[in-house]
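Here are a few exercises to work through with the viewer open. Have a go at each one before reading its solution.

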Amino acid sequence: MKKTYKIEVDCANCANKMEEAANKTAGVKKATVNFMTLKMAVEFEEGAEPKAVMKDVLKNCKKVEDDCEIYL
């Protein structure tokens with residue numbers, strides 16, 4: 001399953017940090033952040049619950065960029 005989320009991030013470097021953090025999260029098969037459109041596309045592992053995984057993604061992203069936001 002693949003979903004796209006609106007994000008809020010200040011710079012392209014921060015967006016890259018968010019993408020790396022999302023890709024290291026359990027349940028995420030692949031995450032891509034587009035700084036220009038302020039969107040994160042997430043492909044989930046089979047059997048993963050997107051809402052639960054995205055809460056973990058947000059936590060991990062906040063560890064590397066504390067003022068970022070993902071609108072779930």
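The exercises below use a predicted model.

**Exercise 1.** Find which members of the largest nonpolar core touch the most other members, and which elements supply this core.

*Solution.* Start with the core itself: it holds 21 residues, and M18, M40, V42, M54, V57, C61 and I70 touch the most other members. Next, go through the elements: β1 (2–8), α1 (12–23), β2 (28–34), β3 (39–44) and α2 (50–64) each give at least two residues to this core. Now zoom in on M40. Skipping neighbours within four places in sequence, the contacts of M40 include M18, M54, V57, C61 and I70.

**Exercise 2.** Work out where the buried residues of α2 sit around the axis, and what they pack against.

*Solution.* First list them: P50, V53, M54, V57, L58 and C61 are the buried residues of α2. They lie on the same side of α2, because they cover an arc of only 145° around the axis. Their packing partners are β1, α1, β2, β3 and β4 (69–71).

**Exercise 3.** Check what E65 touches and how far away the nearest side chain of opposite charge is.

*Solution.* Locate E65 in the loop between α2 and β4. Leaving out residues up to four places away in sequence, E65 touches C14 and K17. K17 is also the nearest side chain of opposite charge, 4.4 Å away. A salt bridge needs the nitrogen within 4 Å of a carboxyl oxygen, and E65, though buried, has none.

How values were computed
Residues are numbered from 1 along each chain as its sequence is written. This is a predicted model: local features need pLDDT of at least 70, side-chain atom pairs count only at pLDDT 80 or more; totals for chains, interfaces and linings use all residues. Side-chain values use heavy atoms; hydrogens and water are left out. A nonpolar core is a set of buried Ala, Val, Leu, Ile, Met, Phe, Trp, Tyr and Cys residues joined through side-chain atoms within 4.5 Å. Buried means under 20% relative accessible area, exposed over 50%, partly exposed in between (1.4 Å probe, protein chains only). Helices (H or I, at least four residues) and strands (E, at least two) are DSSP runs, numbered from the N terminus. Contact means heavy atoms within 4.5 Å. The arc is that of the directions from the helix axis to the C-beta atoms. Lys and Arg count as positive and Asp and Glu as negative; His and the chain ends are not counted.
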